[in-house]
Amino acid sequence: MRSIISLLIFLALSITTFAQQTKQITLDAIWQSSTFYPEMMRDYRMYPLSDAYTVVENNAIVLYDLKSDKQIKELFPSSVANQNKISIDDYSISTNANFILIFTNTKQIYRHSTESDVYLYNVKTKMLYRLPGNQNIRLAEISPDEQNVAIVKDNNLYIYNIPTNSEKAITIDGKRNYIIYGTTDWVNEEEFSFIKAFQWSNDGKHLAYYRFDESNVKEFSLNYYNNDVYPEEYKYKYPKAGEDNAIIDLFIYNIDDSNITKLNLGEDRDIYIPRIKWFKNENKLAVMRLNRLQNNLDILLYSPKKANGNKVYNEQNKAYIEITDNWVMTNDGGWFYTSEKNGYNHIYYFNPSNNVDKQITNGAWDVKDILGVDEKNMNIYYTSYEDGPMNTMCYVINFQNGNKNKIISNLGTHRPVFSATYKYLIDEYSDINTPPQYFVYDVANNKVIKRIITNEKLKNTMVEYGFVPAEFFQFTTKDNISLNGWMIKPKIEPGKRYPVLMYVYGGPGINTVNNSWGYFDFVWFQMLAQNGYIVVSVDNRGTGGRGEDFKKCTYLNLGKLESDDQIEANKYLRTLPFVDSTRIGSFGWSYGGFMTALAMTKGADYFKAGISVAPVTNWKFYDNIYTERFMRKPADNVDGYEKNSPIYFAKKLKGSYLIIHGDADDNVHVQNTMELVNALVKNNKQFDLFIYPNKNHGIYGGYTRYHLYKKMTDFLYDNL
């Protein structure tokens with residue numbers, strides 16, 4: 001009897017396990033119930049004074065010791081927040097941790113920019129002050145000496161003095177769509193990834209700031225449909241390829257005497273100033289000056305009361321120069337930076353006093369980010385693609401003797417943040433099949449001392465829903481180029497062939513073949529695999545992590561080699577015994593939408609169905625900083641723009657094609673889609689089109705993402 005009961009229990013458990021493993025992934029579970037959303041640390045900061053970190057918990061800013069992970073205290077108590085009806089959206093801690101800025105009631109402007117109400121909290125006195133403004137403060141930053149706060153609102157720059165609780169206007173002529181002080185215009189925000197267009201000197205006595213004159217920049221209009229008889233028109237400055245930019249000026253404000261010095265940036269005003277930075281131990285401002293073609297970079301040094309600067313550094317490139325935040329000042333008046341000037345992106349040290357320019361890292365691989373410089377121990381911490389372009393690994397190198405070590409050996413994607421002393425770090429780690437985990441790592445002793453978030457619940461959910469592992473692969477094209485990819489397969493039955501969806505981005509320096517957790521699309525791909533689809537992604541030429549030649553070979557011809565490689569990937573997949581060569585499709589968003597449009601037109605003989613979301617269709621419709629970096633101006637590269645556009649190939653469309661766009665997309669304008677629609681109709685080509693009113697480049701809000709993925713899923717099931 002016991003044997004029979006044991007057998008029945010075993011069979012019951014087996015059936016239960018099988019049922020759990022085959023539980024169906026649904027769009028409701030992905031987008032409505034957030035079943036697969038990982039737990040994350042989004043709002044932690046390293047404490048500036050010790051080996052500790054802060055995080056928002058229960059509407060309080062809480063300080064934790066890194067070594068023990070025990071709570072030290074509430075820096076900003078929830079009682080204060082709740083009493084003043086403050087919900088913490090963001091915060092920043094001053095240099096000596098005596099003050100905290102609290103951002104609340106935040107509303108989005110563009111991708112990075114926001115407006116908020118801002119409060120100043122005195123940690124010692126426990127006093128809270130509201131900074132002058134009415135949900136219109138775009139930026140606020142406490143000076144290093146903790147005496148003042150620089151504030152940007154309504155396109156003007158202000159100084160709020162902490163001891164006197166008073167505000168002073170530094171500029172007065174700021175005006176929307178004309179003059180901007182202290183923050184950036186749309187195109188600089190989007191393409192140079194910065195919005196804070198001011199910098200405090202390290203002694204807090206000087207404030208350098210930008211002025212953007214965009215009065216001659218052409219406007220673009222978006223319509224918002226809000227049940228009114230007439231739509232609401234929104235106009236903003238958007239310089240398309242070949243069009244005029246804002247004119248940039250730089251100023252230095254002296255706190256003590258209110259003197260303002262306008263800096264002489266040179267005779268050529270058609271330039272970019274992508275970064276400025278003060279020296280650490282002296283009042284000198286370093287200014288990056290980049291020409292319009294983005295292939296000539298100067299660094300100039302300015303003293304606060306002198307208009308003219310000295311050019312101390314120059315770099316030129318046959319294609320373009322990448323602008324990053326890998327620029328770290330040193331105590332001796334020099335700096336560490338990264339450059340591709342030897343063919344790979346590596347770390348260098350430069351000192352303007354003696355023109356020393358020394359390469360620190362070396363090898364046939366790219367550095368990604370400089371994470372920090374510990375001058376006391378002469379160490380530089382950085383991430384690189386040394387372990388393959390799909391892995392982002394953390395290393396330390398001694399800049400005196402060159403000794404180098406890997407920090408944390410697990411292959412995957414690491415996003416470490418170091419403590420003030422560099423003794424500890426918090427790492428966000430994931431691989432392609434494992435959701436992110438956060439842990440405290442003891443750098444000196446090479447060990448994990450505390451796991452903060454493990455996402456074990458999500459891992460168990462993945463098992464319950466029968467997730468299958470994504471697998472990396474490589475193949476060689478007819479041009480003898482080795483390309484990397486990953487593949488998610490359903491359970492392959494002998495003799496059966498399966499349709500393939502190729503997921504693509506493919507733009508300059510951006511990879512999709514990453515050994516990292518892919519969030520919602522990864523779960524959607526798992527759902528497709530459950531329903532008998534193979535999902536594949538391949539990094540074509542032009543993507544990152546493999547050196548300058550591989551990345552910049554697409555220069556002046558965006559779309560040509562990239563689409564050639566995606567067609568080659570299609571041909572490779574056709575050779576696999578489990579692939580249905582008649583049912584291969586493409587899906588991409590933004591640059592990926594552009595690539596899918598080319599797949600369905602230029603590659604019409606190979607792709608049965610495609611979905612382009614928010615696609616660029618001709619680079620002359622996109623902004624000038626991004627486009628001219630890779631293509632130069634349209635007048636100087638007519639064939640590059642026209643003959644690599646899917647509009648040029650529209651007459652070749654054969655398969656089923658779905659185009660989706662948000663009509664309030666401030667990044668890739670819906671104009672791109674409309675021009676492709678015109679070309680397809682002109683050539684009597686049938687296709688499907690869906691427009692999301694009032695939605696931007698991300699196409700989200702309410703049920704929007706669910707609706708979007710339902711539409712795309714149904715399209716694939718019907719057409720691929």
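This is a predicted model: local features need pLDDT of at least 70, side-chain atom pairs count only at pLDDT 80 or more; totals for chains, interfaces and linings use all residues.

Residues are numbered from 1 along each chain as its sequence is written, and side-chain values use heavy atoms, with hydrogens and water left out.

Helix packing comes first. Two packed helices are described by the angle between their axes and the distance between the axes. Axes here are lines fitted to C-alpha atoms, for helices over the stretch in contact, with angles from 0 to 180 degrees between N-to-C directions. Helices (H or I, at least four residues) and strands (E, at least two) are DSSP runs, numbered from the N terminus.

Take helix 6, residues 519-530, and helix 13, residues 704-719: their axes come within 12 Å and cross at roughly 30°. That makes helix 6 roughly parallel to helix 13; angles under 35 degrees count as roughly parallel, over 145 as roughly antiparallel, 65 to 115 as roughly perpendicular and the rest as oblique. The crossing of helix 6 and helix 13 is right-handed, a crossing being right-handed if the near helix is turned clockwise from the far one by less than a right angle, and left-handed if anticlockwise. Which residues make the contact? On helix 6 they are D521, W524, M527 and L528, and on helix 13 they are Y709, M712, T713, L716 and Y717. Contact means heavy atoms within 4.5 Å. By class, that contact has 7 nonpolar, 1 polar and 1 charged residues. Ala, Val, Leu, Ile, Met, Phe, Trp, Tyr, Cys and Pro count as nonpolar, Asp, Glu, Lys and Arg as charged, and the others, Gly among them, as polar.

The second pair is helix 8, residues 560-574, and helix 9, with axes 10 Å apart and an angle of about 65°. Helix 8 and helix 9 also cross in a right-handed way. E562, S563 and Q566 of helix 8 meet Y591, M595 and L598 of helix 9. The classes for helix 8 with helix 9 are 3 nonpolar, 2 polar and 1 charged.

Now the cores. In soluble globular proteins, nonpolar side chains tend to be buried together. A nonpolar core is a set of buried Ala, Val, Leu, Ile, Met, Phe, Trp, Tyr and Cys residues joined through side-chain atoms within 4.5 Å. Buried means under 20% relative accessible area, exposed over 50%, and partly exposed in between, with a 1.4 Å probe and protein chains only.

The largest nonpolar core has 67 residues, of which Y210, I273, W335 and W619 touch the most other members. Residues up to four places away in sequence aside, I273 touches F194, Y210, I248, L250, L265, V287, M288 and R289. Another core lies apart from that one, with 43 residues, among them I25, I30, F36 and I611.

Next, helix 10, residues 624-631. How many of its residues are buried? The count is 8 of 8. They pack against helix 4 (186-191), strand 20 (271-272), helix 9 and helix 11 (638-642). T627 sits in helix 10 and is buried, at 0% relative accessible area. Beyond four places in sequence, T627 touches A241, W619, Y622, R632 and Y641.

S590 lies in the loop between strand 41 (579-589) and helix 9 (591-601) and counts as buried at 14% relative accessibility. T601 lies in helix 9 and is buried at 1%.

Last, the backbone. Most residues other than glycine have a negative phi, and most peptide bonds are trans. K126, in the loop between strand 7 (114-122) and strand 8 (128-130), has a positive phi of about 65°. M378 has a phi near 60° and is found in the loop between strand 29 (367-374) and strand 30 (379-384). At 25% relative accessibility, M378 counts as partly exposed.
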